[in-house]
Amino acid sequence: MGILNDIRAKAVKLKKTICLPEALDERTLLAAAGCAKLDFGPIVLVGEAEKIRARAGECGADISRAVIRDPASDSEFDRLVSTLVELRQAKGMTPEKARAALQDGIMYAAVLVKLGLVDGYVSGAVHSTADTLRPALQVIKARKGVKTVSAFFMMVLPEYSPYYRTQPVLFYADSGLVQNPGPEELADIAVGTAQSWKALIGGDPVVALLSHSTKGSAKHPDVDKVTAALEIIKKIAPELEVDGEFQADAALIREIGAKKAPGSRVPGRANVLIFPDLDAGNISYKLTERLAGATAIGPLISGLDKPVNDLSRGCKAEDIIDAVAVTCCQAAASSR
Ligand SMILES: CC(C)(COP(=O)(O)OP(=O)(O)OC[C@H]1O[C@@H](n2cnc3c(N)ncnc32)[C@H](O)[C@@H]1OP(=O)(O)O)[C@@H](O)C(=O)NCCC(=O)NCCS
């Protein structure tokens with residue numbers, strides 16, 4: 001797929017260091033080997049070196065170029081402990097609790113990212129979304145100026161889609177993380193997803209805030225939430241091309257937008273679609289995938305200070321390589 005090949009090609013140039021904490025998982029080990037073969041930057045695996053090498057041998061994964069960090073023998077373990085205590089003291093974190101928490105590979109990866117010892121982590125082949133993201137939210141936290149971290153899907157349309165010629169790729173958010181965003185959260189979701197567009201696709205994002213109403217055609221507090229979000233975005237990201245509220249057809253089809261939202265420049269050009277809540281975002285990405293034949297890549301995470309991405313537990317090794325490549329691109333953008 002063109003877009004993923006482009007993102008992989010960027011990752012090869014960037015040479016970022018990405019941690020894969022689920023190091024006994026076969027797909028993860030094959031992905032680590034695949035990243036090395038593609039000439040990405042270093043992959044850091046977390047766990048007992050002997051066990052990881054034995055498992056890699058069983059799976060036929062060549063992990064000779066991966067770095068293995070074992071919390072039990074890591075010379076920097078005390079530094080990780082004191083960092084975690086410092087960050088979470090107010091939440092009752094003690095050195096003893098931190099030592100225990102750092103036995104969990106995902107928490108360990110989150111602290112490595114926080115300290116800049118790796119550039120990002122990818123997890124979720126074995127763990128749930130909540131277990132993958134909670135350490136990131138607690139330790140890495142949202143980027144300065146952003147309160148809400150969110151999840152988006154990269155929707156790659158098939159060539160036969162009527163929208164393909166306008167936009168072969170769309171970002172849908174939030175489709176995986178924030179349950180019931182208020183206006184401020186919705187604004188953060190829009191700005192964060194637009195930044196992810198720049199990091200991954202390049203060029204200018206054009207953001208449409210979606211609703212069941214177009215420019216006041218319906219009156220309801222749910223519509224007010226979206227228009228309030230628009231006002232916040234205009235203040236916090238005045239350079240961003242964004243408009244709303246739009247029904248989906250008004251956002252996507254120029255002629256419909258011209259009738260329902262005259263004067264708006266977004267209709268027919270939208271590439272970042274912001275849904276009013278998680279139900280709408282999640283249902284829409286699955287409908288687009290199943291009924292329109294789009295490929296859904298994600299959930300990918302926006303708004304963290306440093307990048308972390310989640311995997312589906314049904315993922316394949318190639319999906320993990322793609323997530324690593326995306327994480328490399330986000331890391332390059334967040335260090336700018
Ligand atoms: C991500 C998620 C797991 C976090 O919830 P949780 O595990 O209950 O954790 P908490 O609510 O205690 O939050 C943990 C920390 O993350 C922070 N946090 C949670 N969501 C956040 C967000 N969207 N942005 C920024 N910070 C967030 C909290 O403020 C808290 O910080 P603190 O401990 O420093 O006070 C939860 O939002 C979730 O389950 N979302 C839905 C994910 C899902 O089910 N997706 C499947 C497909 S839709």
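Of the chain's 336 residues, 49% count as buried. Keep in mind that this is a predicted model.

**Start with the whole chain.** Show it as a cartoon. You will find 13 helices and eleven strands. The C-alpha trace spans about 65 × 45 × 30 Å along its principal axes. The radius of gyration is 21 Å, which agrees with a compact globule, because a globule of 336 residues would have a value near 20 Å. Now consider contacts between residues at least 6 apart in sequence: 72% of them join residues at least 24 apart.

**Next, select the sheet.** Six strands form an open sheet with mixed pairing. Read across it in the order S8-S7-S9-S6-S5-S10. Which strands are at the edges? Select 241-246 for strand S8 and 295-302 for strand S10. Each of these two pairs on one side only. Then follow the twist, which averages 25° from one strand to the next.

Select residues 183-200, which make up helix H8. This helix packs on the sheet. Its contacts include strand S5 (150-156) and strand S6 (169-173). H8 also touches S7, S8, strand S9 (272-274) and S10. Compare directions: that of H8 makes about 165° with that of S9.

**Finish at one strand pair.** Select residues 206-210 to see strand S7. In which sense do S7 and S8 pair? They run parallel, paired over five bridges. Pick Val207, then find its bridge partner in S8: Val242.

Conventions: Residues are numbered from 1 along each chain as its sequence is written. This is a predicted model: local features need pLDDT of at least 70, side-chain atom pairs count only at pLDDT 80 or more; totals for chains, interfaces and linings use all residues. Two strands pair if DSSP finds at least two bridges between them. Helices (H or I, at least four residues) and strands (E, at least two) are DSSP runs, numbered from the N terminus. Axes are lines fitted to C-alpha atoms, for helices over the stretch in contact, and angles run from 0 to 180 degrees between N-to-C directions. Two residues are in contact if their C-beta atoms, placed from the backbone, lie within 7 Å. The radius of gyration is taken over C-alpha atoms; the globule rule is 2.2 Å times the number of residues to the power 0.38. A residue is buried if 20 or more other C-beta atoms lie within 10 Å of its own, exposed if 12 or fewer, and partly exposed in between; C-beta atoms are placed from the backbone.
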